[in-house]
Structures are given as C-alpha cells and as structure tokens.
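Please have the sequence and the 3D view at hand.

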Amino acid sequence: ASRVMVASRNYADFANEATFEIKKCDLHRLEEGPSTTAVMTREEGLHYYKTMQTIRRMELKSDQLYKQKIIRGFCHLYDGQEACCVGLEVAIKPTDHVITAYRAHGFTYARGVPVREILAELTGRKGGCVKGKGGSMHMYTKNFYGGNGIVGAQVPLGAGIALACKYFGKNEVCLTLYGDGAANQGQIFETYNMAALWKLPCIFICENNRYGMGTSVERAAASTDYYKRGDFIPGLRVSTVTVFFEGRGVRVGGMYGPILMELQTYRYHGHSMSDPGISYRTREEIQEVRSKSDPITLLKDRMVNNNLASIEELKEIDVAVRKEIEEAAQFATTDPEPPLEELGNHIYFNEPPFEVRGPNQWIRYKSVS
C-alpha cells in the first residue's frame with residue numbers, strides 16, 4: 001500500500017501536457033501546412049509509447065517464431081515504422097477506413113485487434129483474427145481491409161472505399177497506404193486521377209521506408225518527392241517523429257477531396273523474413289537510424305525531458321508489454337489449427353451455405369458465412 005501511495009504521489013508531480021516544436025512539413029499545392037508547435041498530454045504520450053512498444057515487441061516475437069519455423073510463408077515486419085500506424089490512428093475516427101499493403105501487423109493492432117489474435121493468425125491457428133486462413137499479409141477487422149499481397153493493388157480499392165463513403169453521404173475518410181516501392185505503379189496514378197475528378201475523401205499515404213524490396217529509392221525513382229506525385233492533388237511530407245501531431249488537419253483536408261501524404265520512415269528488418277536486409281545497405285546505416293531517429297526512443301526522450309513520465313514508469317510499461325507478448329505467443333503456439341471442414345467457410349459474407357469443390361471433384365466443402 002505504501003508503494004502505491006509513493007507511486008501516486010510521484011505521478012502527481014508530472015506535467016499534464018507539454019508543447020513541442022515540430023519540423024515544418026514540405027508542402028505541395030498547399031498554402032498552409034500543420035502548425036510547427038503541438039501539444040501532447042501525458043495520457044496521450046503514455047498511450048503512444050505503450051502502443052508502439054507493443055507493436056515493436058510483437059514484431060520481434062514474430063521474427064523469433066518465424067526462425068523457429070512456427071510461422072511459415074511470407075512475413076513482412078513493421079519494426080521501425082511504428083509511429084506511422086499509431087500516429088495515423090490517433091488522427092482518425094474508428095468509423096474511418098484503412099487499407100494497406102502486406103506490412104500490416106502494426107495497422108491491425110492499431111485498429112483494435114489484440115496481439116494474441118495477430119500472432120495466432122501468423123501461426124495459422126483457429127483463434128487468429130481471420131481464423132488462421134489469412135496469415136501475415138491478409139488480416140482484417142471492422143473498417144480495416146487488410147493486408148493486401150499484390151504491390152499497389154490496394155490503392156484503387158481504397159479509392160473505391162472512399163467512393164462508397166461519398167455515395168452514402170458518410171462523414172468518413174479512407175486512409176489508403178502503400179510503400180515507396182509501389183509508388184511507381186501505373187494503377188496508382190490512374191487512381192489519383194479518378195479520386196481528383198470525383199473529389200473522393202481519400203488520403204493517399206506513401207510510407208517511404210527508403211527501400212522497395214532491396215532497391216533504394218534513389219535507384220528506383222527519377223523523383224523521390226512522393227508527396228508531389230499526385231500532381232494536381234495537394235500533398236505534404238512528414239517525418240516519422242512528427243506524424244503524431246500532423247495527421248488531424250489532414251483528415252479534415254481529406255473530407256473535401258483527396259490529399260497525399262509521404263511519411264519518411266525506416267524498417268529495421270529486411271523486406272521480408274527471407275531478406276537479411278544487409279546486402280543492399282550496411283549494418284552501420286541501420287544502427288545510425290536506430291540511434292538518431294528511432295520513434296520509440298525519441299518519444300521516450302521527449303516525455304522524460306518534458307516531465308510527462310519517468311524512466312521507471314516507462315520501464316514498468318516495457319515489462320507489462322513483454323509479459324503480454326509472451327502470453328500471446330503461448331496462445332498462438334498452443335491454439336488448435338482450423339479443422340479441414342472449415343476450409344471453404346467465409347467466402348462470402350451473409351450468404352446461405354453452399355458447396356465448394358475441393359482439390360478434386362469428389363471432395364466437397366460447405367461454405368458458411
């Protein structure tokens with residue numbers, strides 16, 4: 001009891017909020033960008049920190065399970081980019097929509113799916129968020145449409161979701177994410193054109209982690225100013241460090257037509273688990289990014305230096321997160337795999353059961369919504 005009282009007295013000494021200077025955005029076809037100062041409350045800071053730390057630890061556990069051959073198939077990890085999904089989720093409403101590419105674990109968690117369901121999906125278990133049938137690249141939840149495996153193909157789908165929002169008169173936007181590697185796809189420019197013509201409430205977001213698979217942006221693109229790629233669509237370029245503060249105004253802008261964001265970020269792992277990530281970049285480069293612009297470390301330093309939290313309090317969060325991840329991993333490795341008779345389920349939503357042909361014409365499965 002005395003320990004609780006001491007802790008509560010210490011917490012009362014913290015500031016309730018702090019004002020931060022943030023880097024000015026690069027703008028395209030915008031007269032004014034987000035403010036260069038932003039206020040963060042202690043409660044917000046603790047939420048951001050815990051969420052990012054959870055995603056980081058979840059991805060490191062995924063790396064371990066993959067190397068143990070418990071996770072199989074494709075697996076693209078998100079560690080290093082946590083500020084993107086966390087900052088964007090802060091800026092939108094639960095009723096808004098998000099669609100992204102195959103590096104989707106962080107967005108799945110930010111949209112509300114528990115860690116145990118994400119890890120169980122990765123291990124192909126019945127308790128996974130898609131019943132063990134989607135794996136790393138195909139995770140879904142309410143108002144989150146994946147997790148898509150074909151490079152850039154989710155971008156026109158995102159415009160379609162935005163069109164539905166406009167058609168039904170909903171006060172909603174769709175965040176449509178893709179990487180710098182997908183930014184040169186022709187279908188993306190076609191989608192820009194449609195979105196601009198129809199004034200769709202779509203926020204196109206390029207997560208520029210500097211490498212499309214094993215190719216640096218400088219070798220892949222004649223112009224690396226991805227925020228200008230929409231041409232007639234307004235755009236802005238944001239660093240990972242400040243993404244928490246700058247998304248709110250962008251959502252409002254997206255309500256009146258498309259807008260394009262480029263988020264400058266970095267992935268610590270290779271493109272996928274089959275890529276060691278050091279044949280096209282040096283270990284020193286990765287270490288330099290970790291030491292100078294890691295989003296978790298930067299947030300931690302800002303909170304401590306502005307008296308929003310103590311090192312000890314943040315360490316307590318770290319311990320609790322690790323415990324949660326270990327418990328989730330235990331579930332993901334002991335939960336049963338989905339039975340074979342459920343293989344054909346959930347092909348369509350809210351449809352009467354129907355038969356699905358199996359590997360040969362004599363095998364039939366029943367699909368149930």
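Where is Asn 148 found? Asn 148 lies in the loop between helix H5 (115-122) and H6; helices (H or I, at least four residues) are DSSP runs, numbered from the N terminus.

This is a predicted model, in which local features need pLDDT of at least 70 and side-chain atom pairs count only at pLDDT 80 or more, while totals for chains, interfaces and linings use all residues. Residues are numbered from 1 along each chain as its sequence is written, and side-chain values use heavy atoms, with hydrogens and water left out.

Val 155 belongs to helix H6 (residues 154-167). The table gives two accessibility values; buried means under 20% relative accessible area, exposed over 50%, and partly exposed in between (1.4 Å probe, protein chains only).

Contact means heavy atoms within 4.5 Å. With the same exclusion, Val 155 touches Thr 176, Tyr 178, Ile 188, Thr 191 and Phe 204. Val 155 and Gln 68 are 34 Å apart in space, C-alpha to C-alpha, and 87 residues apart in sequence.

A nonpolar core is a set of buried Ala, Val, Leu, Ile, Met, Phe, Trp, Tyr and Cys residues joined through side-chain atoms within 4.5 Å. The largest one has 60 residues, and Leu 119 is one of those with the most contacts inside it. Helix H12 (residues 311-334) gives the most to this core, with eight residues. A second, separate core of 22 residues includes Tyr 178 and Leu 260.

Conventions: Helix = DSSP H or I, 4+ residues; strand = E, 2+ residues; numbered from the N terminus. Lists of a residue's contacts leave out its neighbours within four places in sequence.
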